[in-house]
Amino acid sequence: EESHYSDYFDVLNAFSKRGKAKDEYYHIGTYCRSSQKFYDVGIQPHRNPAQNGISLIFVDGVRNEKLGFMLLRHTSEDDYEGKQHSSKLFSAIIGMYVDENHRGKGLSNIFIAIWLQLCMNVDAFPKAEMMKKPLISLALGKFGFIPQRGGVAVEVSPVSSVLPADHESCVDAEWEADIALFSPTYQSLQGIYSKRDLRMQRMMITQQPTNPRGKLIYLKTGFDHPISMGDDTEN
């Protein structure tokens with residue numbers, strides 16, 4: 001892993017640096033939605049990328065405002081096919097953050113789309129490590145990611161879908177929540193999230209299904225993408 005990342009740092013030096021101090025990053029490209037809307041994309045390394053991952057930074061190219069980042073971990077695996085030997089590069093999402101001032105604009109989907117395009121550009125196989133954040137799991141599902149075995153099924157809904165009569169049954173609603181979580185198998189979700197987790201992610205847990213029902217996602221599991229799974233998805 002160390003030799004893999006030493007090459008990575010050497011390659012980064014070929015890119016220009018932008019930002020200052022802790023916000024400094026290596027600019028690797030620009031994604032254009034229109035002539036008036038484009039995003040600068042960069043990499044922000046960490047001291048120990050093999051353990052802590054690297055950050056893929058997204059900046060509003062017009063206003064020069066940081067929009068958020070994805071935390072990624074890259075690994076390689078040997079691949080043997082007959083006498084042929086090659087190495088597969090995997091890019092795994094660990095987490096994602098969208099700046100509070102820019103939420104509700106579909107940026108999580110844009111971040112994932114850009115990351116997938118980068119994976120295709122460098123022949124990396126996308127995947128996700130164990131996820132606890134419902135909105136990331138929801139976004140991954142939109143792009144065809146498949147949950148691994150052992151995940152916890154959860155329905156995620158806007159908090160406006162919680163029936164008024166059920167508000168009293170909601171757990172830990174001591175803050176203004178944006179989304180509601182419900183277990184269709186009536187499994188307790190308190191063991192997954194602390195009060196701090198719920199508060200920081202502006203979530204609440206309801207003991208009753210919402211109306212309309214929420215979208216089914218899976219938590220506490222990793223995700224694979226069909227392009228990484230090869231023949232396993234062709235049956």
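Trainee: Which helix gives the most to the lining of the largest pocket?

Mentor: That is α4, with six residues. Keep in mind that we are looking at a predicted model.

Trainee: What volume does the largest pocket have, and which residues are the closest to its centre?

Mentor: Its volume is about 1,000 Å³. The lining has 35 residues, and the closest to the centre are R103, K133, L135, I136 and Q201.

Trainee: What makes a residue count as lining the pocket?

Mentor: A lining residue has an atom within 4 Å of a pocket point. Several elements supply at least two such residues each: β6 (84-98), α3 (107-121), α4 (134-142), β9 (152-158) and α5 (195-200). Sorted by class, the lining has 15 nonpolar, eight polar and 12 charged residues.

Trainee: Let's turn to the sheet that contains β9. In what order do its four strands stand?

Mentor: The order is β11-β10-β9-β12, in an open sheet with mixed pairing.

Trainee: Why are β11 and β12 called edge strands?

Mentor: β11 (203-205) and β12 (215-219) each pair on one side only, and that puts them at the edges. On average, neighbouring strands of this sheet are turned by 35 degrees against each other, with direction ignored.

Trainee: How do you know that β9 and β10 are paired?

Mentor: Two strands pair if at least two bridges are found between them. Four bridges join β9 to β10 (residues 179-182), so these strands meet the definition; they run antiparallel. One example is S157, whose bridge partner in β10 is A180.

Trainee: What does α4 touch when it packs on this sheet?

Mentor: α4 touches β9, β10, β11 and β12. The direction of α4 makes about 110 degrees with that of β12.

Trainee: Now for the strands β1 and β2. How do you know that they pair?

Mentor: The cut-off is at least two bridges. β1 and β2 (residues 25-34) have two, so they count as a pair, in the antiparallel sense. K17 stands opposite Y26 in β2.

Trainee: How many residues lie between β1 and β2 in their hairpin?

Mentor: There are six residues between them, and G19 in the turn has a positive phi of about 80 degrees.

Trainee: And how many residues does the hairpin from β2 to β3 go through?

Mentor: That hairpin goes through two residues. β2 and β3 pair over seven bridges, again in the antiparallel sense. Here S34 has K37 in β3 as its bridge partner.

Trainee: Why is the contact of D40 with R18 called a salt bridge?

Mentor: A salt bridge needs a side-chain nitrogen of Lys or Arg within 4 Å of a carboxyl oxygen of Asp or Glu. The closest N and O atoms of D40 and R18 are 3.2 Å apart, so the pair qualifies. D40 is in β3 (residues 37-44) and R18 in β1 (residues 17-18), so to speak distant parts of the chain, 22 residues apart. The whole structure has seven salt bridges.

Trainee: What makes N64 stand out in its backbone?

Mentor: N64 has a positive phi of about 60 degrees although it is not a glycine. You can find N64 in the loop between β4 (54-60) and β5 (65-81).

Trainee: Last one: what kind of peptide bond joins N211 and P212?

Mentor: A cis peptide bond, with omega of about 0 degrees. P212 sits in the loop between β11 and β12.

Terms used. Residues are numbered from 1 along each chain as its sequence is written. This is a predicted model: local features need pLDDT of at least 70, side-chain atom pairs count only at pLDDT 80 or more; totals for chains, interfaces and linings use all residues. Side-chain values use heavy atoms; hydrogens and water are left out. On a 1 Å grid over the protein atoms alone, a cavity is a set of points where a 1.4 Å probe fits but cannot get out, and a pocket is an open set with protein on both sides within 12 Å along at least five of seven lines; lining residues have an atom within 4 Å of a point. Grid points are joined across faces, edges and corners, and a volume is the space filled by probe spheres set on the points. Ala, Val, Leu, Ile, Met, Phe, Trp, Tyr, Cys and Pro count as nonpolar, Asp, Glu, Lys and Arg as charged, and the others, Gly among them, as polar. Axes are lines fitted to C-alpha atoms, for helices over the stretch in contact, and angles run from 0 to 180 degrees between N-to-C directions. Contact means heavy atoms within 4.5 Å.
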